[in-house]
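Colleague: I would like to know what stands behind the terms used for this structure. Please set each value against its cut-off.

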Amino acid sequence: MKRTLTIFLLVLITFAGCSKKKHAAIEPPVQEPPSSVEPQPASPQPQPAQPTTPPKRTLEAPAPKKRAPSPGDTSAIKLVESGVKQMNAGNLDQAEQIFEQALRVSPNNGRPYYYLGVLSAKQKQYERASGFLSQAEVHLHDDPFWMSQILLQEGLILKAQNQKDAAIQKFREAVSTDPTNTYAQSELAALTKK
Amino acid sequence: MEVRTVSYDTMMIRRVIRRIPVGPNGKLLTRIALGFFFLCVIVIAFFGIRFYLDCRSVVENHLKSQTWSLPSTIYADAPILYEGMPMKPARLIEYLQRLDYQSTKDSSVGAGQFSTQEFDVRFRKHSLFDDAAAEPPVLVHFNKTTIESIQNLSSKEDLPAYELEPIAISNLFGEEWEKRTLVKYKDFPNDIVQAVVSIEDRRFFHHGGVDIKAVFRAIWNDLSHKKQLQGGSTITQQLVKNFYLTPERSVRRKVREATMAWIMEGKLSKEQILELYLNEIYLGQRGAMSVNGVGEASRLYFRKDVERIDVPEAALLAGMIQAPNIYNPYKHPKEAKIRRDTVLATMQETGAITAAEFEEFKKAPIVVYPFDSRINLAPYFGSIVKTQLLEKYDQQSIYTKNLRIFTTLDLEMQQEAEVAIQEGLQAIDKIRFSKTKKKAEACLIAIEPQTGYVRALVGGRSFSQSQFDRVKQAKRQPGSVFKPVVYAAAFERFFQTQDRIFTPATLVDDEPWTLHFQDQIWQPKNYDGQYHGIVTLRDALAHSMNVATAKLAMDVGLDKISLLGRQLGFGDVKPYPSIALGAFEVSPWQVATAYTVFANGGVKTEIRSIKKVADTKGATLERSQIEVKKILHPQTAYLITDMLTTVLSQGTGAPVKQLGFRRPAAGKTGTTDEYRDAWFVGYTPNLLCVVWTGYDDNTPIKMTGAQAALPIWVRFMMKATENLPAEEFSSPHGVVIRMIDPTTGGLATEDCPESRPELFIEGTEPREACKQHGSHWWNIFG
């Protein structure tokens, strides 16, 4: 009798589990709750019918490694500053050499890539510019200011290539990443106004 | 009245003729003799004038278009010093010594010198930048093993970085293997002028090209068997001989030499003649290359510019002119010293130095510096550079116009690469030579992924034996080295279509399998004959499983893989199932290009060997730039890099760590059908290296990539990265980590016997706990 009761309970619990799972499947697959950064149990809702074995948590993943500063960072940033001066003065060739030097001094620093992207865009080498900006993104994505600047530049490239919708999307992302990015705001306003 | 005018010469001739006994036909004979005489005069005058005009035209034409045949020079890349750079002073000193810089204890140093007291380095102008201000004298401060600061001594400002002078790795010679450094007359120190003039032609400033007194003195000395200090030929005659004539000893040549010298003296000033002479003279050998001119000789023997040589050094060079090999200070220092002292004696005789100076200079020992006799420090690389140059410049310009070609090669890494290849080949020969009776080949290319710079390149066992460059010219099957492309194509699908998502945790069945494709049957097999059942994609790549990869390729789509292969630079990759296992041909150069995409966050960088070409004055003729193109999403590239780090930590590339290379690195082994090719490709964030080994005729090497190519890679990378900061691979945004159960691919729970962190492109991560061991044990019915 006791055995039959146990089996009955087990079947009941199993069905309860299946119905929960169907509910979970309705949720959009990509939209994760903010807590999803730290892995949570697959079924977030408590299971009422688990008298004997409480739900076990999925294991927590280690935090992603943060980039350690490189010994060349300080020099790379100084070089970039000097390259920007050259670029603003119209000495694009000289500026490019300095950015390249900065990149060699600290290959994992995103700023030289960013400015090489800006410089390539100035020279209308859009494919090259996109390549550099993509590399800049890899190294600077943790910094909202720089990330917003990268998105802005990507938007400007798309705008120059007459890809209006894609450009608007980039400007929107730039503004949402850094709401103080006034350049991105004005570009967005100008495009959406038209 | 008839007036007859008779010249003085005619009267004289008549008088002479009158004295000749006249016979019955005397008058007739006289006329014949006279006629013959005049004929001779006319003929001699005709040929004399022709000879003179001929000599004059040769000299004039030569002087009009006088250009030295100066070979172009290929330079290695110059290291960049920067604040905070990990570098010991000893390494910088070694580099400067390779540049022939001189160390001095004096705190005020000249160009090409450095003082180790404060590490005050004065660099020579090297024209890497057009702007000369970019090459100021600098003061480098060290904090034990780090560069603390670099100060511009002119402006007293701190510099963030400083590019050193590059080292020449080879010259591009035409027919003449001559090396010279041209110097203007005003830059020659008076000592060298005095030394040369006093020993070679002390009346140089007084004669008109031919020194009659010296000729008679030479003849007299010759007849009386006296030892002569000076020859009969003047400096101008010697110059003429070098420029226009053969060394043949004949009266005709001597006359021609004298005539041309006389003509040259009329065309050029003494200073111009001496400038030509001092730049032209032969002064010894550096390996197969002849050293011409005192400018080049001064750099070779004394490691300094001729402007800075002292009197004994000037006398040594002047003494060598007569017989550079006999008075060679390396081979015959005794003879060289005796000859030098002789020159000093003549300088005293001419008043160029005082008796006291003579006594003092005589005591100076002969000090010359050793030199590297190799004239090509990176022959395969040089050959690639030359081929590239010939696409843009004509041969004549390359061989004679003294172009300066600044390349991307790192000389220290190049030397390590050569050692690694030699040692690797010796190890392979030990195993294989007894069986094949022939020597295996190997090649290596190392590049900086961010810039595409070729840092080291070895195209084979020996350039002197085979100029075939296996890095660029050889087409070999890449084998498993191609596999990451299959996995990258799989992960990229998420960004194109989400009908089927692949992640490193996706499970695939590695069991014997038969594929029916276009009426053909294909049965891929694992190299070791072992099959692993259900495995994750990460494990499949780490252990280079053929069946699992082939199945994945079919799921992903051959068209997608072939397209990605082409975009990465693998060439014309046809969409056949066997491409998944790298059954097509590529060069190691192409493999290196393709792998830049993984190392660079999805961006392909074109490989570069030439940075800049400048003309003889330093003006830039062309400059190359970094060429990049986005190929993959950065998240895909990062996943591949991370999976390739597993290859080194747990997979087929595990010997990398066992052999001692412990930096963050990613890599892939490659072994082709019947072990014909053995590859290893690996990279750190700042250096990527491809090694291939095999036989040129496709004989199986019977060794895996891990056995043959990997040790070469490790040997090279350990040395090459010694001075590079150890960096981690940068993770892009949109990559998340989850703990998974590798047997199910689901999120790991406390009940899972095995768990590990896994990377996912955001949106592809698993949401459900492992069903097999998960907390919701009722899921087994779900």
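Colleague: Which residue with a positive phi follows α20(B)?

Modeller: Gly601(B) follows α20(B), with a positive phi near 70°. This is a predicted model, in which local features need pLDDT of at least 70, side-chain atom pairs count only at pLDDT 80 or more, and totals for chains, interfaces and linings use all residues. Residues are numbered from 1 along each chain as its sequence is written, chains are lettered from A and ligands numbered from 1 in the order in which they are written, and side-chain values use heavy atoms, with hydrogens and water left out.

Colleague: What makes α20(B) a helix, and what is its span?

Modeller: A helix is a DSSP run of H or I with at least four residues, a strand a run of E with at least two, numbered from the N terminus. Helix α20 of chain B, residues 588–599, has 12 residues. From first C-alpha to last, α20(B) reaches 16 Å, close to the 16 Å expected at 1.5 Å a residue; the expected span is 1.5 Å times one less than the number of residues.

Colleague: Why is α20(B) called largely enclosed?

Modeller: Because 12 of the 12 residues of α20(B) are buried. Buried means under 20% relative accessible area, exposed over 50%, and partly exposed in between (1.4 Å probe, protein chains only). Trp589(B), Tyr595(B) and Phe598(B) are among the buried residues of α20(B).

Colleague: Why is Lys156(B) called exposed?

Modeller: Its relative accessible area is 55%, and the cut-off for exposed is over 50%, so Lys156(B) is exposed. Lys156(B) lies in the loop between β7 (146–152) and β8 (161–163) of chain B, and has a positive phi of about 65° although it is not a glycine.

Colleague: What makes a set of residues a nonpolar core?

Modeller: The set consists of buried Ala, Val, Leu, Ile, Met, Phe, Trp, Tyr and Cys residues joined through side-chain atoms within 4.5 Å. The largest nonpolar core has 183 residues, and Phe716(B) is among those with the most contacts inside it. Apart from that core lies another, of 57 residues, including Trp68(B).
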